[in-house]
Amino acid sequence: MRAKKTQTSDSEQMGKRPKGRKRPAVSRTVLYLICILVISAVLATTGILLSNDLFALAKPDRDITVTIPEDASVGEVSKLLDKSGVVNYGSFFHLFTSIVYGDVEFRSGMWTLNSDMDYRAIVNAIRLNSKSTVTVTIPEGYTVEDIIDTLVENGLSSEDELKTVLQNSDFTYDFLPEEIGNETNSLEGYLFPDTYEFYLSDSAETIISKMLGNFENKLNDTSNGKSLMELCEETDMSVSDMVIIASMVEKEAVDSDDMLMVSGVISNRLNHASEYPYLNIDATIQYVVGHTELTDEDMKYDSPYNTYTSKGLPPGPICNPGYDALRAAVQPTVHDYYYYVANADHTAHIYAKTQEEQTANIEAVQNQRDAENDDEN
């Protein structure tokens, strides 16, 4: 006898689910959880990085000089600070400043900031406020002593405070020689001559740091083509030697064109040291004796700065040279001259290839001076 077939209704068949249909739902749940974890991790990491920048947590200690243009907006300043390395996230700095300070205005000019400053400290250091400022011009060729006198005369600091900073502060700029000593003139050559705006409340260290930061900016400035640093690297010249040569050029030359010629003479002598061991630069002796009218005794002065008795370059710069002198030092005019003498009225130099030509030029200049003196008498 055959068993009866049991028929299943359509509704019952539809109620049954094929096996294995639950796995896709589980997979979607896992993927969802992974996405949540990844997003949370990204947000947490981003929050840590932004907080580190905002509150200056574990940021490097590095002085950075920035130049803020006239009427710069918050966005422009934010990009500038980001590009220079003062902040790591310019957009976040922009957002913070706009929310916390509103329509804040920034003071134009050159400012030395530090990469370990938090956002509030940065804004407060450069925003326009009621602090009194003073504008000071440091001419090309000023010595450290001249700069000290100028800063004191303008009421920015005392002589003792400035000398203490120059002797004891540990400035960490890469361009400074490894051994700069602890003398007052140890930074000679690196306090860039320019027009500065200082707060009357600025410390002596802030003032000196701003000038060093300006030197660093000029060293890496590419607005005139290759930077001074790039030219030094191409010619295998150290920054220290460039500054020493530039300081002599600054003191000896009468204008920017003459700087290139004077630098060419120095370069020729250095490159042919066996024939021309002494640079014979009057300005190096003037630096150590303290006056310009040199006597026979001055010319014999026992000092490594006396380039008539000591071979090669002096041990350090003799002033703080300007940009033109620095560029002339590393990019001199190529010529065959090894001597020069100032003309009768000191408005130009007369160049010579040999000692005989130099002697004749000196006699001609002296004769002209004597004739002018006779006419005056």
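Begin by selecting D236, which sits in the loop between α9 (228-235) and α10, where helices (H or I, at least four residues) and strands (E, at least two) are DSSP runs, numbered from the N terminus. Although D236 is not a glycine, its phi is positive, at about 60°. D236 counts as exposed because its relative accessibility is 73%; in these terms buried means under 20% relative accessible area, exposed over 50%, and partly exposed in between, with a 1.4 Å probe and protein chains only.

Before going further, note that this is a predicted model, in which local features need pLDDT of at least 70 and side-chain atom pairs count only at pLDDT 80 or more, whereas totals for chains, interfaces and linings use all residues. Residues are numbered from 1 along each chain as its sequence is written, and side-chain values use heavy atoms, with hydrogens and water left out.

Now zoom out to the whole chain. The protein has 15 helices and 6 strands, and buried residues make up 39% of its 377 residues. Among contacts between residues at least 6 apart in sequence, 62% join residues at least 24 apart, a contact being heavy atoms within 4.5 Å.

**Helices around α14**

Select helix α10 (residues 239-252) together with helix α14 (residues 323-330): the two pack at an angle of about 120°, with their axes 8 Å apart. Axes here are lines fitted to C-alpha atoms, for helices over the stretch in contact, and angles run from 0 to 180 degrees between N-to-C directions. That angle makes α10 oblique to α14, given that angles under 35 degrees count as roughly parallel, over 145 as roughly antiparallel, 65 to 115 as roughly perpendicular and the rest as oblique. The crossing of α10 and α14 is right-handed, a term used if the near helix is turned clockwise from the far one by less than a right angle, with left-handed used if anticlockwise.

**Two loop asparagines**

Follow the chain into the loop between α11 and α12 (282-289), where N280 is found. N280 has a positive phi near 55°, in a residue other than glycine, and N280 is partly exposed, with a relative accessible area of 31%.

Next select N306, in the loop between α13 (296-299) and α14. Is N306 buried or exposed? With 0% relative accessibility, N306 counts as buried. Leaving aside neighbours within four places in sequence, N306 is in contact with T284, I285, D298, M299, K300 and Y301.

**Strands**

Move to strand β2 (residues 109-114), of which 5 of the 6 residues are buried, so that β2 is largely enclosed by the rest of the structure. Strand β1 (residues 63-68) runs antiparallel to β2 and is joined to it by 6 bridges, two strands being paired if DSSP finds at least two bridges between them. To find one of these bridges, select D63, whose partner in β2 is N114.

Then select strand β3 (residues 133-137), which has a covered face, V134 and V136, and an uncovered one, T133, T135 and T137. In a regular strand the side chains alternate between the two faces of the sheet. β3 is joined by 5 bridges to strand β4 (residues 195-199), and the two run antiparallel; T135 stands opposite E197 in β4.

**Last stop**

Finish with N124 in helix α5 (residues 119-126). At 33% relative accessibility, N124 counts as partly exposed, and N124 touches Y101 and N129, not counting residues up to four places away in sequence.
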